[in-house]
Amino acid sequence: MSERDDIEQADDPREGEGGLRKIIHVDMDAFFASVEQRDNPDLRGKPVAVGGSSGRGVVAAASYEARRFGVKSAMPSVTARRLCPDLIFVKSRFDAYREASEQIREIFYHHTPHVEPLSLDEAYLDVTEDIHAIGSATRIAQAIRREIRERTGLTASAGVSYNKFLAKMASDQNKPDGICVIRPGEGAAFAQSLPIRRFHGVGPKGAEKMARLGIDTGADLAARDLVWLRANFGSFADYLYRAARGVDLRPVRTNRIRKSIGGERTFGEDISSGPALRDTLDDIVEIVWERIAAKAAKGRTVTLKLKFTDFQLMTRAQSQPQAVADKAEFARIAHLLLAGELPLPMPIRLMGLTLSNLDRGTGEDEPRRDDAQLSLL
């Protein structure tokens, strides 16, 4: 768990020593807010929130200065203002965020063709093949972070390891503007040293449930067998069992045929009120339609995804006889789907939206981002 160089390069370009891959997870630091601070010097060093400041507004992103006061993404603006009276709200500028993201992607593809974007501000990279003979995945990650800073004026954190789960957990270890390396043989100990809330997919309510069951850390989780986990967490159990041992066999996925275009948002705080849900849906519509328009995609089915505080998942979909015409129609269908479920039986921790039944050929040469996590929100 250090910045030391990693394993030597093996002969197989996609397989490291002992069959291990070399994976980097790059995550931009407070991406939206950092772009705003970069472009407006008056905002630098001040608590900034991207989003609406009205009574029904929601924080889309918060600078690190704002986070010190407890301001989080998906938090109602009135709550954020109460926590941080000097908070400065700025409106979203998706064109600026997309432009910065495209510059960052160019840097990724300079170092490897094996890139799996998760959102505008984060991606997995498989650098098992050292195409520029830099020497190690650690040095490649350092070079990428340096090039991002020089080209965009923004900072990125990186995690380096032999699988995706560990790389993602490592990228959050030394934020902001940091790097963490998990070497072969260190994965299980690293995962078991983490508080359970750090595990990807475990939200506040999930962490509360685990605490009631005596699970506060990865080590506590590793001490439970698979039968017990399945009895208490259902289909989520298999993931938890592997994660507690630092195991993840998923490859970095690139150039897959796109079946849908979408995005989802996990909330810092569960939400249930109609106004907050509708405002959140508007944010997701904006982001997802940007992706749809960028690919000139055409699709007939709009699907709304809701995950409740008890981790139960609900989806509602509506298919049209013809492709959805524009953003207005996409938003109209999405809001009809949401309205049909209000009032909700309990608060939700995640909302997602996708467009599917795409015309054949849509985005077949592009990385698939089905339900890509909008971590930037």
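How are helix 10 and helix 11 oriented to each other? In this predicted model, helix 10, which covers residues 226-233, packs against helix 11, which covers residues 236-243, at an angle of about 135°, and their axes are 8 Å apart. Angles over 145 degrees would count as roughly antiparallel and those from 65 to 115 as roughly perpendicular, and helix 10 and helix 11 are therefore oblique to each other. Their crossing is right-handed. On the side of helix 10, the residues that take part are Leu226, Leu229, Arg230 and Phe233, and they meet Phe236, Ala237, Asp238, Leu240 and Tyr241 of helix 11. Sorted by class, this contact of helix 10 with helix 11 has seven nonpolar residues, two charged ones and no polar ones.

A second pair of helices can be read in the same way. Helix 4 (residues 94-111) and helix 12 (residues 274-294) pack at an angle of about 50°, with 12 Å between their axes. Helix 4 and helix 12 are therefore oblique to each other, and the crossing that they form is right-handed. Helix 4 brings Phe94, Asp95 and Arg98 to the contact, while helix 12 brings Glu286, Ile287 and Glu290.

An unreviewed UniProt entry places the feature "binding site" at Asp27 and Asp121. These two residues are spread over 95 residues of sequence, and yet they cluster in space, with a largest C-alpha distance of 6.0 Å. Of this set, Asp121 belongs to the lining of the second largest cavity. Aspartate 27, for its part, is found in strand 1, which runs through residues 23-28.

The loops hold some details of the backbone that a careful reader may wish to look up in the structure. In the loop between strand 1 and helix 1 (31-39) lies alanine 30, which has a positive phi of about 45° although it is not a glycine.

Technical notes. Residues are numbered from 1 along each chain as its sequence is written. This is a predicted model: local features need pLDDT of at least 70, side-chain atom pairs count only at pLDDT 80 or more; totals for chains, interfaces and linings use all residues. Side-chain values use heavy atoms; hydrogens and water are left out. Axes are lines fitted to C-alpha atoms, for helices over the stretch in contact, and angles run from 0 to 180 degrees between N-to-C directions. Helices (H or I, at least four residues) and strands (E, at least two) are DSSP runs, numbered from the N terminus. Angles under 35 degrees count as roughly parallel, over 145 as roughly antiparallel, 65 to 115 as roughly perpendicular and the rest as oblique. A crossing is left-handed if the near helix is turned anticlockwise from the far one by less than a right angle, and right-handed if clockwise. Contact means heavy atoms within 4.5 Å. Ala, Val, Leu, Ile, Met, Phe, Trp, Tyr, Cys and Pro count as nonpolar, Asp, Glu, Lys and Arg as charged, and the others, Gly among them, as polar. UniProt positions are given in the numbering used here, feature names are shortened, and annotations may be inferred rather than shown by experiment. On a 1 Å grid over the protein atoms alone, a cavity is a set of points where a 1.4 Å probe fits but cannot get out, and a pocket is an open set with protein on both sides within 12 Å along at least five of seven lines; lining residues have an atom within 4 Å of a point.
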